[in-house]
Amino acid sequence: MQKEKLEPDALEYFNSLPELLQEQLVESGVNMTTREELENYCKNVLKTSSEN
């Protein structure tokens, strides 16, 4: 993921996330630009990690 391609509200949301999750998003290479995409990704990550 590239922070510079995020829409303004998505960037604001991204910056509010824990640093570890921010790093995971950047390193994942996922292609997201909207806040909704980020929120859905984070919900799935958190759901998956809580199931393990």
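In what order do the elements of the chain run from the N terminus on? The order is α-α-α. The secondary structure amounts to 3 helices and 0 strands. Helices here are DSSP runs of H or I with at least four residues, strands are runs of E with at least two, and both are numbered from the N terminus.

A word on the source. This is a predicted model, in which local features need pLDDT of at least 70 and side-chain atom pairs count only at pLDDT 80 or more, while totals for chains, interfaces and linings use all residues. Residues are numbered from 1 along each chain as its sequence is written, and side-chain values use heavy atoms, with hydrogens and water left out.

Overall dimensions next. Along the principal axes, the C-alpha trace spans about 30 × 20 × 20 Å.

Of the 52 residues in the chain, 27% are buried. Buried means under 20% relative accessible area, exposed means over 50%, and partly exposed is in between, with a 1.4 Å probe and protein chains only. The chain exposes about 3800 Å², and carbon and sulfur atoms supply 47% of that area. Accessible areas come from the Shrake-Rupley method with a 1.4 Å probe; for residues, only the protein chains shown count as cover.

On to contacts, meaning heavy atoms within 4.5 Å. Taking contacts between residues at least 6 apart in sequence, 48% join residues at least 24 apart.

Now the helix pair. Two packed helices are described by the angle between their axes and the distance between the axes. Helix H1, residues 8–16, packs against helix H2, residues 19–28, at an angle of about 125 degrees, and their axes are 8 Å apart. H1 and H2 are therefore oblique to each other. Axes are lines fitted to C-alpha atoms, for helices over the stretch in contact, and angles run from 0 to 180 degrees between N-to-C directions. Under 35 degrees counts as roughly parallel, over 145 as roughly antiparallel, 65 to 115 as roughly perpendicular, and the rest as oblique.

Which residues make this contact? From H1 they are Phe14, Asn15 and Ser16, and from H2 they are Gln22, Leu25 and Val26. These residues divide into 3 nonpolar, 3 polar and no charged. Nonpolar covers Ala, Val, Leu, Ile, Met, Phe, Trp, Tyr, Cys and Pro; charged covers Asp, Glu, Lys and Arg; the others, Gly among them, are polar.

Gln22 lies in helix H2. Is Gln22 buried or exposed? Gln22 counts as buried, because its relative accessibility is 16%. Leaving out residues up to four places away in sequence, Gln22 touches Phe14, Asn15, Ser16 and Leu17.

Next, the segment before H1. Leu6 is placed there, and Leu6 is buried at a relative accessible area of 9%. Beyond its neighbours within four places in sequence, Leu6 contacts Met1, Leu11, Phe14, Met32, Thr33 and Leu38. Leu6 and Asn31 are 25 residues apart in sequence, with 9.6 Å from C-alpha to C-alpha.

Glu7 is also found in the segment before H1. Glu7 is partly exposed, with a relative accessible area of 35%. With residues up to four places away set aside, Glu7 touches Thr33 and Thr34.

Last, helix H3, residues 35–51, where Glu37 lies. Glu37 counts as partly exposed at 32% relative accessibility. Between Glu37 and Leu25 there are 11 Å, C-alpha to C-alpha, at 12 residues apart in sequence. Glu39 is in helix H3 too, and counts as partly exposed at 23% relative accessibility. Glu39 and Ala10 are 29 residues apart in sequence and 8.8 Å apart in space, C-alpha to C-alpha.
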